[in-house]
Amino acid sequence: AIISGGAAIDGKILDFFTDLDINAMQGYGLSECAPMAALNPDQHKWMRNASVGHIMPGMHVKIIDKAEDGVGAICIKGPNVMMGYYKNEEATKAVLEADGWLHTGDMGIMDPDGTIYIKGRCKTMILTGSGQNIYPEEIEDKLNNMSLVLESLVLENDGKLYGLVVP
């Protein structure tokens, strides 16, 4: 089996390996939750390769501060979530609520059966003047899947969106 982690992988890549009869799946977590919070099961009928997986047993996930499209900040809680950063109370308070909810810094949605879909990072989300949330990762993914584009970068400067495309 191939398990991908560290960053969301394009579901088409996982589909490719699955088509070759190789179990390929992605998981989700952080060092702060030692390290898994979600994993796609290795049973094809339950796999959702566009997602980072289903919540692991014993874990809880909530999506807070949701936008109109349902995308919000991903928070996780469970026995594997850290107690805090060593000798760094300020950093701990920035990401960990008193009742144990860890703010991951990721933006996403969760379907009713507990499958998580990452949309971007809280720090990279761009809020337009009209109040629309833009996730550079989603635009970059679309650009990078174009046949004439090798890599791309979307960023904001002075309230304007810019893009860099490497052919």
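Q: How do the residues in the lining of the second largest pocket divide into nonpolar, polar and charged?
A: They divide into six nonpolar, three polar and three charged. Ala, Val, Leu, Ile, Met, Phe, Trp, Tyr, Cys and Pro count as nonpolar, Asp, Glu, Lys and Arg as charged, and the others, Gly among them, as polar. This is a predicted model, in which local features need pLDDT of at least 70 and side-chain atom pairs count only at pLDDT 80 or more, while totals for chains, interfaces and linings use all residues. Residues are numbered from 1 along each chain as its sequence is written, and side-chain values use heavy atoms, with hydrogens and water left out.

Q: Which residues line the second largest pocket?
A: Leu30, Glu32, Tyr85, Ala94, Val95, Leu102, His103, Thr104, Gly105, Arg121, Cys122 and Lys123 line the second largest pocket. A pocket is found on a 1 Å grid over the protein atoms alone, as an open set of points where a 1.4 Å probe fits, with protein on both sides within 12 Å along at least five of seven lines; a lining residue has an atom within 4 Å of a point. Two or more lining residues come from each of α2 (89–95) and β7 (102–110). The largest share, four residues, is from β7. Helices (H or I, at least four residues) and strands (E, at least two) are DSSP runs, numbered from the N terminus.

Q: What is the volume of the largest pocket?
A: The volume is about 1,000 Å³. Closest to the centre, among 34 lining residues, are Ala7, Ala8, Ile9, Asp10 and Ile118. The second largest pocket holds about 170 Å³. A volume is the space filled by probe spheres set on the grid points, which are joined across faces, edges and corners.

Q: Which element gives the most to the lining of the largest pocket?
A: Helix α3 does, with seven residues. The elements that give two or more residues there are β1, α1 (11–19), β2 (24–28), β8 (115–121) and α3 (136–144). By class, this lining holds 14 nonpolar, 10 polar and 10 charged residues.

Q: Why is Tyr117 called buried?
A: Its relative accessibility is 18%, and buried means under 20% relative accessible area, exposed over 50%, partly exposed in between (1.4 Å probe, protein chains only). Tyr117 therefore counts as buried. Its place is in strand β8.

Q: Why does Ala37 count as buried?
A: The relative accessible area of Ala37 is 0%, so Ala37 is buried. Ala37 lies in the loop between β2 and β3 (38–39).

Q: Why is Ala34 called exposed?
A: Ala34 has a relative accessible area of 53%, and is therefore exposed. Ala34 is also in the loop between β2 and β3. Its phi is near 40°, a positive value in a residue other than glycine.

Q: Why is Asp65 called exposed?
A: At a relative accessible area of 67%, Asp65 is exposed. Asp65 lies in the loop between β5 (60–64) and β6 (72–77), and its phi, near 50°, is positive in a residue other than glycine.

Q: Why is Ile2 called partly exposed?
A: Ile2 has 37% relative accessibility, so Ile2 counts as partly exposed. Ile2 is found in strand β1 (residues 2–4).

Q: What makes up the nonpolar patch on the surface?
A: Ile2, Phe16, Leu20 and Ile22 form this patch, with about 350 Å² of accessible area together. Patch residues have over 30% relative accessible area and no salt bridge; like charges are joined within 9 Å, nonpolar side chains (Val, Leu, Ile, Met, Phe, Trp, Tyr) within 5 Å. A salt bridge is a side-chain nitrogen of Lys or Arg within 4 Å of a carboxyl oxygen of Asp or Glu. Accessible areas come from the Shrake-Rupley method with a 1.4 Å probe; for residues, only the protein chains shown count as cover.
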